[in-house]
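Hi everyone, thanks for coming. Today I'd like to walk you through some aromatic rings, so let's bring up the model.

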Amino acid sequence: MLFTPAAQARKRATLARVKVAPERVIRSIVGLRPFRPSGFVVRGEKLDSKTLIHNYGHGGAGITLSWGTAQLAVEEGAKSGARECAVIGCGVVGLSTARLLQLRGYRPVIYTKTMPPETTSNVAGGLWEPVSLFDHDRVTPQFRAQFESAARFAFRRYQSLAGELYAVRWTPLYSLSRNRAYVSPQPDSPNYEIEKLYPEARILGGDEHPFPVPYVHRRQTMLIEPATYLNALTRDFLVAGGRIEIREFATPRELAALPQDLLFNCTGLGARELFGDQELTPIRGQLVFLIPQPEVDYCTLGPGNIYMFPRKDGILLGGTFDRGVSTLEPDPAISERILRENGEVFGRMKG
């Protein structure tokens with residue numbers, strides 16, 4: 001029997017089943033997303049005689065948007081005319097900002113309290129997906145323009161890094177729902193333009209997927225492995241002549257005493273205390289890792305809040321978004337729920 005291209009495209013995807021079981025758990029960890037209801041901050045201001053560029057508050061999209069907001073920040077910093085610069089923070093946002101500065105001929109020094117693997121970025125899931133980033137009713141036209149520009153730049157940048165060296169790879173992402181079909185963002189949503197970035201995005205029929213839910217949407221995106229990726233960025237920064245100094249700052253006055261005239265604040269949640277940004281609030285996320293399964297080559301979001309990303313350091317299972325909670329100790333009851341709900345999905349997959 002001959003199949004037309006359209007018929008071939010509608011054949012059910014053959015996907016390996018994730019083996020979810022308590023005895024396969026290798027670790028549980030907690031991370032805090034630096035969330036601001038009105039979205040991330042990229043703006044410049046004066047700090048005595050120096051120029052200070054803020055670049056923080058990325059919520060659950062720190063890795064996703066890091067190159068894009070770094071580009072916005074570097075463009076803002078270029079207006080000062082200064083060449084000697086300092087980046088405060090060595091997470092993914094700080095490292096991306098420092099690397100773009102180097103590529104423009106600057107000589108940045110990174111000052112940081114902690115380095116990878118002790119940064120918040122190392123606890124991120126790593127899926128290219130701008131989530132937990134803003135409250136829709138707080139978005140301004142200015143933020144929307146920054147968001148769209150940052151997303152487009154970051155999406156292109158990660159494409160250029162795809163491969164083993166940076167642990168960036170393309171992957172199909174399946175959004176699963178028991179309640180309603182996938183609805184694309186409307187024109188008044190900040191996500192409207194971002195939705196257009198994803199290739200091969202469409203709703204799947206029941207005969208095209210193996211999941212035990214009535215509504216499935218698939219698109220292609222990228223998965224970034226934080227441990228490998230952050231090590232690669234740090235290596236690139238140092239090889240290019242960069243310098244990292246371990247140092248903690250308690251007040252803006254201490255920043256003003258630095259020898260550099262151009263400063264980039266990439267401190268994430270630390271900006272709440274350092275610069276008094278009371279809008280910053282943590283969103284707690286707990287993750288459970290299973291033994292790696294190299295045969296699993298897709299990601300899932302849903303149903304509900306659960307998700308699965310197949311990384312080389314383990315099958316990542318998640319499912320918590322606790323706003324305003326900053327405890328870092330994993331909760332066994334939450335781990336049990338994450339395992340149970342993910343287990344229900346993958347245990348009932350069609351063969």
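Let me start with a question: are Phe-134 and Phe-147 buried or exposed? Both are buried, where buried means under 20% relative accessible area, exposed over 50% and partly exposed in between, with a 1.4 Å probe and protein chains only.

A word on the ground rules. This is a predicted model, in which local features need pLDDT of at least 70 and side-chain atom pairs count only at pLDDT 80 or more, while totals for chains, interfaces and linings use all residues. Residues are numbered from 1 along each chain as its sequence is written, and side-chain values use heavy atoms, with hydrogens and water left out.

The structure holds 15 aromatic pairs. Rings of Phe, Tyr and Trp (its six-membered ring) pair if their centres lie within 6.5 Å; planes under 30 degrees apart count as stacked, over 60 as edge-to-face and the rest as tilted.

Back to our two rings: the centres of Phe-134 and Phe-147 are 5.5 Å apart and the planes are at 70°, so this pair is edge-to-face. Ring pairs also link Phe-40, Phe-134, Phe-143 and Phe-147 into a cluster.

Next, please look at Tyr-174 and Phe-211, a tilted pair with 5.3 Å from centre to centre and 55° between the planes. Tyr-174 and Phe-211 are both buried.

Finally, some charges. One sits over a ring if NZ of Lys or CZ of Arg is within 6 Å of the ring centre and within 35 degrees of the ring normal. Arg-27 lies over the face of Phe-289, 3.9 Å from the ring centre, and the charged end of Arg-219 sits over the ring of Tyr-198, at 4.5 Å from its centre.
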